[in-house]
Amino acid sequence: MAATSVTVSMALGQTLSVAWEVQWWRQVRRWWREDEKRTPKQSIHRNGCRCAAAAAASLCSSPNFTTLMANIPTKTKMTNIRCTQQAGSNRITTLTDWQSSCAILTVPFPKHGCKLRVAYRGVPGAYTEAAAGKAYPDCEPIPCDQFDVVFQAVEQWVADRAILPVENSSGGTVHRNYDLLLRHRLHIVGEIQMSVHHCLLALPGVRKENLTRVISHPQALSQCEHTLTSLGLDVSREAFDDTAGAAEHVAAEMLRDTGVIASVRAAELYGMEILAEGIEDDKSGNVTRFVMLAREPVIPRRDGDFKTSIVFAGEEGPSFLFKVLSALAFRDIRVTKLESRPHKGCPLRLVNDGLRFDYMYYVDFEASMAETRVQNALSEIHEYTSFLRLLGSYPMVLQTDPSSF
Ligand SMILES: O=C(O)C(=O)C[C@]1(C(=O)O)C=C[C@@H](O)C=C1
């Protein structure tokens, strides 16, 4: 935490004159304190056997275990750990500190080193794994079972960063991840965009005509919808958790009637054959945008190109959204994305003439929190909203040619 405190005071030093930003940093500090209280540091310490995951990992160094329970003594209590190795897998599912937090983490089988650990949703061969490698070239990608687990992995120091797909140029927004950004306290520290090229895979020897269904991640299915039909595959399409996971499943179950939409790397990893390549509908550039998350925010700079993401809710009086957006527009700040999600907890509001839906609005704009115009815009937005949170102010992607992603 020492390094973190230095970072905070640097940020405060830079911006003490700006009341709103000071408030923001205080809030960040409060969250950190809350996090410290919530998560027993002893069991999630990064180094040595005090780290629950590392302890779990060293417990599991026997190749023959399936499930192992252990009590890890920490300064304040015993941390109960259960490790389960999935049959034939090099991953372990670790139930850390299950009495208090029940965090289910899937971490790779023990590997020690000092690489940046980047949690992603899916299994090796998933596009998000490739995105992790693109964002942090020498990182150790950490596969996780669910998106919630991706967040928990970073919150509990099992990973240093998380990477999440948030939108695709043809498939649209990954809504669930927006909800999770709000539910958890991680900060957006960067974004990348990556061209996604899909393949149709099947078990070796299987032909297109043998397929009665195609399975994949819903985003991948929607990105290839028309091409599948034009390939004569008028078969049922079924959603699977992730593209590479679908390939792993078909290979493990030897499903000769099932095709999969996934990457070339997934084909190699799971021994599948590529029946068709480049099957995404939008051949001019099928691009997915990912955001990177960390426990600490980036200290925004004035120089360079930054993007800022906020989320807010308000009373929705006449022109509520107009007022908020005009606070940005009048300061010449370009809004790049606006997303609305149901206001979880109070999605409906009773007004004179009936029930209204309530929303959380997510806005990305091209400017840095370090700029006075942004701080002023957010002070103004603060007045119009009943809830406002800064999700992050981070360097933005500048590539313009989709083929270069
Ligand atoms: O299933 C995968 O391979 C993923 O990495 C997920 C995901 C997504 O959620 O959008 C990532 C990129 C592609 O757009 C398709 C699927």
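## Basis and overall make-up

Because the model is predicted, local features are considered only where pLDDT is at least 70 and side-chain atom pairs only at pLDDT 80 or more, while totals for chains, interfaces and linings use all residues. Residues are numbered from 1 along each chain as its sequence is written.

The secondary structure of the protein chain comes to 13 helices and 21 strands, where helices (H or I, at least four residues) and strands (E, at least two) are DSSP runs numbered from the N terminus. Of the 405 residues in the protein chain, 40% are buried; a residue is buried if 20 or more other C-beta atoms lie within 10 Å of its own, exposed if 12 or fewer, and partly exposed in between, with C-beta atoms placed from the backbone. Among contacts between residues at least 6 apart in sequence, 70% join residues at least 24 apart, a contact being a pair of residues whose C-beta atoms, placed from the backbone, lie within 7 Å.

## The annotated domain

An unreviewed UniProt entry lists residues 117-295 as "domain: Prephenate dehydratase"; UniProt positions are given in the numbering used here, feature names are shortened, and annotations may be inferred rather than shown by experiment.

Five strands form an open sheet in the order 12-11-13-10-14, with mixed pairing; two strands pair if DSSP finds at least two bridges between them. At the edges are strand 12 (236-239) and strand 14 (273-277), each of which pairs on one side only. Neighbouring strands of this sheet are turned by 30° against each other on average, direction ignored. Strand 10 (residues 199-202) and strand 13 run antiparallel and are joined by three bridges, and Cys199 has Ala262 in strand 13 as its bridge partner.

Helix 10 packs on this sheet, where it touches strand 10, strand 11 (213-216) and strand 13, and its direction makes about 150° with that of strand 13. For such angles, axes are lines fitted to C-alpha atoms, for helices over the stretch in contact, and angles run from 0 to 180 degrees between N-to-C directions.

A second open sheet has four strands in the order 17-20-16-21, with antiparallel pairing. Strand 17 and strand 21 (385-395) stand at the edges with a single partner strand each, so one side of each is left without a neighbour in the sheet. From one strand to the next the twist averages 15°.

Nine bridges join strand 16 (residues 306-314) to strand 21 in antiparallel fashion, and Phe312 stands opposite Leu388 in strand 21. Helix 7 (residues 175-183) lies across strand 16, strand 17, strand 20 (359-366) and strand 21, running at about 90° to strand 17.

## A mostly covered strand

Seven of the nine residues of strand 9 (residues 187-195) are buried. Eight bridges join strand 9 to strand 15 (residues 287-294), and the two run antiparallel; Gln193 has Arg289 in strand 15 as its bridge partner.

## The ligand shell

The ligand is surrounded by 15 residues, of which the closest are Ala126, Thr128, Gln219, Asp242 and Thr243; a residue is counted if its C-beta atom, placed from the backbone, lies within 6 Å of the ligand. Helix 5 (127-135), strand 7 (161-168), helix 8 (218-223) and helix 10 (243-253) each supply at least two residues of this shell.

By class, the shell has seven nonpolar, seven polar and one charged residues, with Ala, Val, Leu, Ile, Met, Phe, Trp, Tyr, Cys and Pro counted as nonpolar, Asp, Glu, Lys and Arg as charged, and the others, Gly among them, as polar.

## Individual residues

Gln223 is in helix 8 and counts as buried because it has 25 C-beta neighbours inside 10 Å. Leaving aside residues up to four places away in sequence, Gln223 touches Asn168, Ser170, Gly171, His198, Glu280, Asp281 and Asn286. Gln223 and Ile279 are 56 residues apart in sequence and 8.6 Å apart in space, C-alpha to C-alpha.

Most residues other than glycine have a negative phi. Met254, in the loop between helix 10 and strand 13 (258-262), has a positive phi near 55°, and it counts as exposed because it has 8 C-beta neighbours inside 10 Å. Asp332, in the loop between helix 12 (320-329) and strand 17 (334-342), has a positive phi of about 65°, and it is exposed, with 8 other C-beta atoms within 10 Å.

Methods
Contact = placed C-beta atoms within 7 Å.
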